[in-house]
Protein chains: 2
Amino acid sequence: MKKMNMVIAQSGGPSMVINESLVGAVLEARKSAKIGKILGAKHGILGILGSDYIDLKKVSEKKLRKIAETPSSALGSCRKKPDADDCKAIFEAFRKLEVGYFFYIGGNDSADAARIVAEEAEKANYPLVVYHIPKTIDNDLRSCDHTPGFGSAARFVASAIRGDDLDNRALLGVKIDIIMGRDAGFLTAASALARAHEDDGPHLIYLPEVPFSEEKFVKDVQAVMKKLGRCVCAVSEGIRGKDGVPIGAKLGSGETDSHGNVQMSGTGALGDALAKLLKEKAKIKRVRADTFGYLQRSFPSIASKTDQAEAFAAGAAAVKAALAGKLSKGTIAIVREAGRKYKVAFAPVPIQNAAKYTRSVPKEYIARNGHDVTAAFIEYAKPIVGELPPCEIF
Amino acid sequence: MKKMNMVIAQSGGPSMVINESLVGAVLEARKSAKIGKILGAKHGILGILGSDYIDLKKVSEKKLRKIAETPSSALGSCRKKPDADDCKAIFEAFRKLEVGYFFYIGGNDSADAARIVAEEAEKANYPLVVYHIPKTIDNDLRSCDHTPGFGSAARFVASAIRGDDLDNRALLGVKIDIIMGRDAGFLTAASALARAHEDDGPHLIYLPEVPFSEEKFVKDVQAVMKKLGRCVCAVSEGIRGKDGVPIGAKLGSGETDSHGNVQMSGTGALGDALAKLLKEKAKIKRVRADTFGYLQRSFPSIASKTDQAEAFAAGAAAVKAALAGKLSKGTIAIVREAGRKYKVAFAPVPIQNAAKYTRSVPKEYIARNGHDVTAAFIEYAKPIVGELPPCEIF
């Protein structure tokens with residue numbers, strides 16, 4: 001059997017563990033006699049179009065293992081949706097390089113990009129095994145119980161809220177923290193893991209899944225202030241009113257990427273607007289807002305060990321599935337096994353399962369009052385995020 | 001000799017290690033036969049005025065050691081400058097409680113509050129030993145080579161910038177990070193410790209000590225973009241134009257505390273304004289801004305081990321000095337000893353040395369181009385901050 005070469009690339013927003021998936025896939029591929037060269041395309045599809053590769057067989061395992069532990073996408077990333085012309089150019093490049101395997105690590109938009117490449121390859125009669133490897137801090141892939149990258153970002157968020165709540169205990173006031181998650185509130189929900197004592201924040205949690213009302217927000221905060229004299233609010237950057245339009249997007253630059261996503265991170269506008277609202281309507285003097293921003297996905301030293309291990313395993317699983325030959329256009333589903341002890345399986349499923357459309361926080365994880373999560377969510381998220389550092393109060 | 005009771009309290013902005021100083025002082029005081037009760041006043045001077053204390057002899061050492069490792073001010077904090085009437089009320093309360101020792105942990109404003117209490121006690125003939133215990137993430141006390149709290153906040157900043165620079169390598173653009181430090185740029189300067197490779201960010205560092213020019217900023221960024229195609233800027237929240245007025249304060253709420261400090265943290269306005277400037281004047285498409293905010297002083301699990309140990313030792317040193325009886329109104333100076341190996345000493349000095357006026361980043365730490373730090377600064381800061389987690393790139 002003729003050896004075929006493989007191309008692997010990273011796409012979309014970086015995460016703390018996306019390099020674990022890269023290295024998991026590369027080290028697995030190195031074991032196989034079916035795979036020749038292992039080429040890392042730089043900046044996703046852009047590297048393929050521009051012939052910009054790193055020869056990943058030449059990088060020492062020691063260096064790869066260090067890269068696995070380093071946050072962000074070591075090969076570089078992009079937010080490019082390939083069209084038919086791009087695909088033609090890709091297959092031309094692949095033909096010259098004798099590429100038979102293509103792995104794309106990313107979220108739903110990256111899965112959709114991989115799906116497009118896979119479908120166009122079929123149309124063009126170019127024999128190509130395409131695997132998407134799941135990654136997103138948003139935890140919104142329909143194909144996964146949870147996604148690699150989420151656990152670590154959630155660990156950052158829960159840690160940050162824990163520290164911030166301690167800070168707000170010292171200098172009493174209202175603290176608003178804006179958390180990533182364009183459409184899905186999983187990361188904001190994970191702020192609840194910060195709680196170690198009954199009166200710990202976050203005291204209020206606002207997800208994009210629940211229509212946001214300014215009036216209710218002001219009343220909610222006033223009620224907590226009356227009870228505790230302090231209040232920490234975890235607010236998703238994606239909160240939207242009844243009209244369904246994200247409030248942050250209205251305040252932002254209006255910038256969009258090629259998948260049509262409006263920019264919401266990298267600005268403090270939403271937090272500042274909510275702080276202003278509270279000062280004016282609730283007449284609360286000390287109101288502060290922080291937007292956790294890109295630290296949520298790139299902060300070193302905070303990654304969840306479970307998340308790291310799973311991200312690595314997802315990369316390896318994609319290569320195993322591609323080589324097994326049963327499913328030629330797939331993604332790796334992460335399935336939580338039944339039983340008391342936390343355990344997951346990695347299963348190849350059709351690539352469409354991860355592509356384009358996302359999932360939201362299910363209803364059973366959202367408290368009836370509309371500003372908290374349920375015990376079921378905590379049970380779901382805790383093993384993925386791991387234990388937080390101790391926190392002792394008088 | 002009659003036993004006297006002691007009161008200890010925390011004031012000003014919390015830090016990750018301020019509880020180390022509290023516990024260092026309390027455990028030292030517990031050893032002494034001269035000290036009776038050890039009372040922790042809640043929310044600084046407010047707790048004394050409101051008779052709100054925790055009996056710190058009744059808290060187990062195990063619990064205290066855990067509190068030492070927990071960020072933020074466990075006793076609560078305040079930003080209160082006592083006047084003559086407050087002092088009268090304080091001495092009345094102290095007389096009833098037979099308080100002979102007063103310890104106040106905080107920055108320059110807290111040192112000034114302690115100085116006022118000490119001077120008023122003298123005027124009122126109330127026998128009181130007063131010690132200020134240094135704390136500030138800003139590193140701007142004139143009495144210290146560096147202050148407890150700075151090393152840990154600097155470690156957060158350097159880690160965050162390291163992760164953020166990796167993120168910006170993946171999705172190329174300009175990233176602006178706003179860092180705490182009202183008047184002194186030490187914390188912003190510490191971002192330079194993030195660099196592990198020649199082309200690592202931060203590529204530009206703006207301190208409050210160097211007059212900020214929008215024109216120069218735009219040109220600086222354009223030059224880095226031309227060279228690397230990406231640029232990470234570490235900007236102090238306290239940057240000011242030639243008129244000396246902080247730009248962030250002009251954009252902010254105008255809120256002030258009782259020491260006259262204008263609010264600058266807890267808002268994303270400065271970062272957003274600088275991002276807008278770059279988009280408009282330099283026509284750069286992808287510009288993002290994050291404001292690190294309160295995470296810098298409260299994030300769990302990131303504290304510098306050196307900083308923790310020194311904060312504990314500073315608290316213990318204050319109690320030792322108070323009991324030694326040579327200086328009755330003091331603060332603890334942290335002095336770096338000469339020699340190759342990093343070592344510090346803790347020396348009692350007059351309380352005025354820490355009070356009110358602050359120090360800035362000295363000229364020899366600021367690069368001539370006005371947007372970087374010198375090797376001398378790195379040498380100064382590195383042992384305080386400690387080694388950062390590894391960072392490997394292709």
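Okay, let's start with the symmetry: if you rotate chain A by 180°, with 0.0 Å of shift along the axis, chain A lands on chain B with an RMSD of 0.0 Å. So the two copies are related as by a two-fold rotation axis. Keep in mind that this is a predicted model.

Which residue of chain A comes closest to that rotation axis? That's A:Gly268, with its C-alpha at 2.1 Å.

Now, the interface. Chain A puts 48 residues into the contact, and chain B puts in 49. On the chain A side, the elements that each supply at least two residues are helix H3 (61–68), helix H6 (150–170), helix H10 (269–281), strand E9 (287–291) and helix H11 (295–298). H6(A) gives the most, with nine residues.

The axes of H6(A) and helix H13 (residues 375–385) of chain A come within 8 Å and cross at roughly 100°, which means H6(A) is roughly perpendicular to H13(A). If you want to click on the residues making that contact, on H6(A) pick A:Phe150, A:Gly151, A:Ala154, A:Arg155 and A:Ala158, and on H13(A) pick A:Ala381, A:Ile384 and A:Val385. By class, the contact of H6(A) with H13(A) has six nonpolar residues, one polar and one charged.

That's what I have, thanks.

Definitions and conventions
Residues are numbered from 1 along each chain as its sequence is written. Chains are lettered from A and ligands numbered from 1 in the order in which they are written. This is a predicted model: local features need pLDDT of at least 70, side-chain atom pairs count only at pLDDT 80 or more; totals for chains, interfaces and linings use all residues. Two residues are in contact if their C-beta atoms, placed from the backbone, lie within 7 Å. Helices (H or I, at least four residues) and strands (E, at least two) are DSSP runs, numbered from the N terminus. Axes are lines fitted to C-alpha atoms, for helices over the stretch in contact, and angles run from 0 to 180 degrees between N-to-C directions. Angles under 35 degrees count as roughly parallel, over 145 as roughly antiparallel, 65 to 115 as roughly perpendicular and the rest as oblique. Ala, Val, Leu, Ile, Met, Phe, Trp, Tyr, Cys and Pro count as nonpolar, Asp, Glu, Lys and Arg as charged, and the others, Gly among them, as polar. Copies are superposed by least squares on the C-alpha atoms of residues with pLDDT of at least 70 in both.
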